[in-house]
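Please prepare a short briefing on the structure shown here, covering the surroundings of the ligand, the nonpolar core and the local backbone.

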Amino acid sequence: MKNIFTYSLIVIFLFIVIFLGLVFFNEKNRNDDNFSNLVSMENASEQILLGSSLYLENCASCHGNKLQGQPKWNIEKDSDGHNYAPPLNGTGHTWHHNQEYLFNIIRYGFKKMDPNYKGKMMGNEDLTDDEIWSILAYVKSIWPDSIKDKYESTNKN
Ligand code: HEC
């Protein structure tokens, strides 16, 4: 009788250990997710991979390799008196714009909205539609989950 009691205790104890292990493992995975976007691209779709290489080629010189934008983008102007390139990584206001608007900025720069625009975001009219969507998919894939969720709920298109 005593043996059965000890045996059950051990089984219960093992269950608790396994349960805590699973909880901990899940928690760790969830935390890692927030930081893995930039480092691990192995789960990325082909569209995002294409977007990432087009980004590096066409955008990173101004917006930064990690989409971090230029330092002081929101407090100073460059030596020509133009705006610096803002971050596209979710810390700026990029995610406030809907997809069509972002698409148009990437293709035509700001001159489509303001014919007298004299700043540095000139657009990329030689990129195809698919290429621009893939850059946008890449940019969005970098955003933290909280921003992605907000974006999806405010921009249902
Ligand atoms: C020559 C530098 C330069 C290059 C190259 C460039 N940008 Fe920009 N971009 C800017 C600047 C500067 C701004 C801010 C425009 C302003 O306020 O005049 C901007 C603004 C933007 C915005 C609006 C951001 C917001 O938060 O409102 C997006 C989106 C954007 N760029 C995407 C891109 C993408 C994608 C590429 C590559 C295909 C690219 N840019 C290439 C300089 C550049």
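**Ligand shell**

Of the 24 residues around the ligand, those that come nearest are Cys59, Cys62, Asn83, Gly119 and Met121, where a residue is near a molecule if its C-beta atom, placed from the backbone, lies within 6 Å of it. This is a predicted model, in which local features need pLDDT of at least 70 and side-chain atom pairs count only at pLDDT 80 or more, while totals for chains, interfaces and linings use all residues. Residues are numbered from 1 along each chain as its sequence is written.

- By class, the shell holds 12 nonpolar, 11 polar and one charged residues; Ala, Val, Leu, Ile, Met, Phe, Trp, Tyr, Cys and Pro count as nonpolar, Asp, Glu, Lys and Arg as charged, and the others, Gly among them, as polar.
- At least two residues of the shell come from each of α3 (60-63) and α4, the helices (H or I, at least four residues) being DSSP runs numbered from the N terminus.

**Nonpolar core**

- The largest nonpolar core has 11 residues, namely Ile48, Tyr55, Cys59, Leu67, Leu88, Leu102, Ile106, Ile132, Ile135, Tyr138 and Val139; such a core is a set of buried Ala, Val, Leu, Ile, Met, Phe, Trp, Tyr and Cys residues joined through C-beta atoms within 7 Å.
- Each of α2 (46-58), α4 (99-108) and α5 (129-142) supplies at least two residues of this core, and α5 gives the most, with four.
- Leaving aside neighbours within four places in sequence, Tyr55 is in contact with Ala60, Ile135 and Tyr138, contact requiring that the C-beta atoms of two residues, placed from the backbone, lie within 7 Å.

**Helix α5**

- The buried residues of α5 are Ile132, Ser134, Ile135, Tyr138, Val139 and Lys140; a residue is buried if 20 or more other C-beta atoms lie within 10 Å of its own, exposed if 12 or fewer, and partly exposed in between, with C-beta atoms placed from the backbone.
- The cover over these buried residues includes α2, α4 and α6 (145-154).
- The 14 residues of α5 should span 20 Å at 1.5 Å a residue, which agrees with the 20 Å between its end C-alpha atoms, since the expected span is 1.5 Å times one less than the number of residues.

- Leu67, in the loop between α3 and α4, has a positive phi near 60 degrees although it is a residue other than glycine, and Leu67 is buried because 23 other C-beta atoms lie within 10 Å.
- Lys72, found in the loop between α3 and α4, has a positive phi of about 60 degrees and is not a glycine, but Lys72 counts as exposed, with 10 C-beta neighbours inside 10 Å.
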